[in-house]
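Subject: Structure handover and findings

Dear colleague,

Please find below the structure that I am handing over to you. My findings follow directly after it.

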Amino acid sequence: MTPMTAGITRAGEGIEGVRWNILGQTYIPKQLSESSLSWHATFPPGTFVPPHIHPTQDEFLYILQGRLTAVLDGQESVAEPGDTIRLPRGQPHGLFNRSDSDVKCFFWVSPARRLYDLFWALHNLGPQANPADVVAISAKHEVDFLPPPDAE
């Protein structure tokens with residue numbers, strides 16, 4: 001991984017022009033270094049990230065627009081503009097846009113580990129990805145999805 005360089009990543013632009021479609025959500029990477037990765041995300045209504053664990057990363061979200069429901073270790077909370085969601089490594093969490101408008105937020109993880117590569121792999125799956133493929137690919141990139149509640 002190359003060292004981070006000083007500069008400005010403009011609004012609406014990603015580093016090196018990158019923009020990912022991750023299962024119906026838009027992720028725009030803003031910064032990448034060994035110690036962290038950050039990205040702007042747009043969650044259209046009804047989209048979500050199923051419950052999962054990052055065993056090697058701390059994750060944070062800053063809500064810019066809308067209401068995002070966070071399930072943190074089985075407990076639901078709603079985050080609104082100006083709120084920060086803190087997700088320590090190893091803690092199960094899921095994120096859901098249960099509203100009728102877009103949620104926009106800024107994510108960052110530390111350290112970056114393999115998440116940048118995971119987003120490339122998921123982007124390539126397309127909008128109708130097989131959930132089993134998403135789970136398998138994610139596990140290879142240090143993100144472990146949890147089984148649905150009725151499968152436990």
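Trp-39 touches Tyr-27, Ile-28, Pro-29, Lys-30, Glu-59, Cys-105, Phe-106, Phe-107, Trp-108, Val-109, Leu-115 and Phe-119, leaving aside residues up to four places away in sequence; contact means heavy atoms within 4.5 Å.

The model is predicted, so local features need pLDDT of at least 70 and side-chain atom pairs count only at pLDDT 80 or more, whereas totals for chains, interfaces and linings use all residues. Residues are numbered from 1 along each chain as its sequence is written, and side-chain values use heavy atoms, with hydrogens and water left out.

Trp-39 also belongs to the largest nonpolar core, which has 33 residues; Tyr-27, Trp-39, Phe-43, Ile-85 and Leu-95 touch the most other members. Such a core is a set of buried Ala, Val, Leu, Ile, Met, Phe, Trp, Tyr and Cys residues joined through side-chain atoms within 4.5 Å, where buried means under 20% relative accessible area (1.4 Å probe, protein chains only). Helix 1 gives the most to this core, with 5 residues. In soluble globular proteins, nonpolar side chains tend to be buried together.

Helices (H or I, at least four residues) and strands (E, at least two) are DSSP runs, numbered from the N terminus. Two strands pair if DSSP finds at least two bridges between them. An open antiparallel sheet of 6 strands has the order 1-2-3-10-5-8, with strand 1 (20-22) and strand 8 (84-87) at its edges. Within this sheet, strand 3 (residues 37-43) pairs with strand 10 (residues 103-110) over 7 bridges in the antiparallel sense, and Phe-107 in strand 10 is the bridge partner of Trp-39.

A further open sheet, also antiparallel, holds 5 strands in the order 7-6-9-4-11. Its edge strands are strand 7 (75-79) and strand 11. Strand 4 (residues 48-53) and strand 11 are joined by 2 bridges, and His-52 stands opposite Phe-145 in strand 11.

In helix 2 (residues 131-140), Val-134, Ile-137 and Ser-138 are buried. They lie on the same side of helix 2 because they cover an arc of only 100° around the axis, taken from the directions from the helix axis to the C-beta atoms. Helix 1 and strand 11 (144-145) are among the elements that cover the buried residues of helix 2. After helix 2 comes Glu-142, whose phi is positive, near 70°.

Yours sincerely

Notes. Buried < 20%, exposed > 50% of the residue type's maximum accessible area, 1.4 Å probe, protein only.
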